[in-house]
Amino acid sequence: MQLMLRLILRLIGIVLLCLAITAGWVMADAHRTIGSETVASAERSAIGLENLFWREILWRRSLRNDRLLLPQTEWETLETLKLIAPGVCISFRSGANQEPRRLCSQIEGVGTPAPQWFAAAYESLFGGQPSVARRVSVRDPDALVVATADSAAAVRQAWRQISVVLTVAATMAIGICFLAAFAIAHALAPTGRIVAGLRDLETGNYRGRIDVADAGEFGLIARAVNDLAARLAQITAERMALTKRLFEVQEEERRALARDLHDEFGQCLTATIAFAAAIEAGAPDRPDLAQDARAIGRTAKRMMATLRQALARLRSQDLEELGLEACLMQLVAGWNAQTSPKAVVHLDVLGNLAAVPASVSTSLYRIAQECLTNAMRHGDPHDVYLRVERLAANDGIIALTVEDDGGGDPARLDQSTGQGVLGMRERVAAFGGRLTIGQAARGVKVAAQIPLAALSAPAAMELPSAA
């Protein structure tokens, strides 16, 4: 719309410039025409007066004296007036000692009076017309006819011509502007669809296509945008499939690491606790040795508790056995069962989570873990609310929300370069979802939405499973 408006404004500017040039040309032509009519009036009047006096000579057959060629006669007649163009005045004297007599044509027939601004502009551009003198006869050089254009008549004539020409030109210009605006609007109609398609690409919607039947430049642009959208959709599908596979490999590594920790360190710590108890029981006469054994046992028990927490964080096989809802309940219970819990975690589950795919369940569980850890670590909350809801609308969406009252800064968390927030974004993006970090009533709110309908469609690219 802005492009069309700019083009129309430029068209109007060009039309106004053309009208201004036309007005200048018409004024110059009117000035030239008035000059030509002044010269023609002088020549016609000179010829007419010469014929008139020769006729007087033939009729009267007398000369007043030897100095004068022409006799005195009445020349201010209607016949003489017909020889003078409208707006032109004629002055005539028949001898050097004679007073010139003046005869002017009517200026009312030239046109209506011009506005004052036009008269001032005309006078400043062209000025007045020069007088034109013609001899009536070569026998008497003092007998002259002088034609002078009336300035008011010149302005009237110029205004009449400009009014006629500019009226026609302005009418044509207005019609051309309307037709050109219609043509421009029709030609630029595809730009709206192209911009909408680019906006869809900006928001991550690569499924839409631009339908432009134009075979010109806009058609080429639309086809290029469609090809770009198809390529981006393919790349996004490949990236999502690769990301999913990477998270699967990550979970497999977590399970393997949990098994190794349990089998190796768990047994070693259990044996250490047993050895410490045996040493303490077998040395009743060595209180110092018994005290050291008890210290070793306490240290081993603390290490065992830490190991259990690490195993609980690493393991995800409970999701396959118990389901997402039960694992979230265990996660919340674990936080609330601490010796001195920093905050109370509340869980709210809406909808049936049993049919949620295992990969989505794993990612949601990991996101919930990270959000609760961040809320406890970076804020000072009293209550943390974990909400998981499966929405039937919008093609089926599962939404996870974690909100606390710890007074944190969402902008600082959103711009964090840590691996936690980055991992959450990658997990959500792998399923075509959306993660937002915003301000809550008294803290930070993290919301993740994953569309489940897109997961049922066949993937654009299936990566081979790890051996």
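Is Arg-387 buried, exposed or partly exposed? With a relative accessible area of 34%, Arg-387 is partly exposed, and the points below place this residue and others in the structure, which is a predicted model.

1. The salt bridge at Arg-387. The side chain of Arg-387 meets that of Glu-389 in a salt bridge, with 3.5 Å from N to O. Glu-389 counts as partly exposed too, at 22% relative accessibility, a value that can be judged against the cut-off, because buried means under 20% relative accessible area.

2. Other salt bridges. The count for the structure comes to 5 salt bridges, and side chains of opposite charge can pair in this way when their charged atoms come close. One of them joins Asp-29 to Arg-32, where the closest N and O atoms are 2.4 Å apart; these two residues are 3 residues apart in helix 1 (residues 2–60), and so they are separated by about one helical turn. Another joins Glu-43 to Arg-134, with the closest N and O atoms 3.6 Å apart. Because Glu-43 lies in helix 1 and Arg-134 in strand 3 (residues 132–135), this second pair ties together parts that are 91 residues apart in sequence. Glu-43 is partly exposed at 38% relative accessibility, and Arg-134 is partly exposed with a relative accessible area of 28%.

3. Five strands form an open sheet in the order 5-6-7-9-8, and the pairing in it is mixed. Strand 5 and strand 8 stand at the edges, where each has a single partner strand, so one side of each is left without a neighbour in the sheet. From one strand to the next, the twist averages 10 degrees. Strand 6 and strand 7 pair in the antiparallel sense over 8 bridges, and within this pairing the bridge partner of Leu-386 is Val-402 in strand 7.

4. Helices on the sheet. Helix 9 packs on the sheet and touches strand 5, strand 6 and strand 7, while its direction makes about 165 degrees with that of strand 5. Helix 10 also packs on the sheet, touching strand 5, strand 6, strand 7 and strand 9, and its direction makes about 10 degrees with that of strand 7.

5. In soluble globular proteins, nonpolar side chains tend to be buried together. Here the largest nonpolar core has 40 residues, and those with the most contacts inside it are Val-360, Val-384, Ile-398 and Leu-400. Among the elements that give two or more residues to this core are helix 9 (324–336), helix 10 (358–378), strand 6 (383–391) and strand 7 (397–404), and helix 10 gives the most, with 9 residues. Leaving aside neighbours within four places in sequence, Val-384 is in contact with residues including Val-344, Leu-372, Met-376 and Val-402. A second, separate core of 16 residues includes Ala-42, Ala-46, Val-88 and Phe-92.

6. Ala-448 in strand 9. Ala-448 lies in strand 9 and is buried, with a relative accessible area of 2%. Once neighbours within four places in sequence are left aside, the contacts of Ala-448 are Ile-398, Ala-399, Leu-400, Val-428, Arg-434 and Leu-435. The C-alpha atoms of Ala-448 and Met-424 are separated by 8.8 Å, although these residues are 24 residues apart along the chain.

7. The aromatic pairs. The structure holds 5 aromatic pairs. In one of them, the rings of Trp-117 and Trp-159 have their centres 6.0 Å apart and their planes at 90 degrees, so the pair is edge-to-face. Since Trp-117 lies in helix 3 (residues 116–126) and Trp-159 in helix 4 (residues 151–187), the pair ties together parts that are 42 residues apart in sequence. A further pair, Tyr-122 with Phe-126, is tilted, at 5.2 Å centre to centre and 45 degrees between the planes; both residues lie in helix 3, 4 residues apart, which is about one turn of the helix.

8. Exposure within the aromatic cluster. Ring pairs link Trp-117, Phe-118, Tyr-122, Phe-126 and Trp-159 into a cluster. Trp-117 is exposed, with a relative accessible area of 59%, whereas Tyr-122 counts as buried at 1% relative accessibility, and Phe-126 is partly exposed, with a relative accessible area of 27%.

Notes: Residues are numbered from 1 along each chain as its sequence is written. This is a predicted model: local features need pLDDT of at least 70, side-chain atom pairs count only at pLDDT 80 or more; totals for chains, interfaces and linings use all residues. Side-chain values use heavy atoms; hydrogens and water are left out. A nonpolar core is a set of buried Ala, Val, Leu, Ile, Met, Phe, Trp, Tyr and Cys residues joined through side-chain atoms within 4.5 Å. Buried means under 20% relative accessible area, exposed over 50%, partly exposed in between (1.4 Å probe, protein chains only). Contact means heavy atoms within 4.5 Å. Rings of Phe, Tyr and Trp (its six-membered ring) pair if their centres lie within 6.5 Å; planes under 30 degrees apart count as stacked, over 60 as edge-to-face and the rest as tilted. A salt bridge is a side-chain nitrogen of Lys or Arg within 4 Å of a carboxyl oxygen of Asp or Glu. Two strands pair if DSSP finds at least two bridges between them. Axes are lines fitted to C-alpha atoms, for helices over the stretch in contact, and angles run from 0 to 180 degrees between N-to-C directions.
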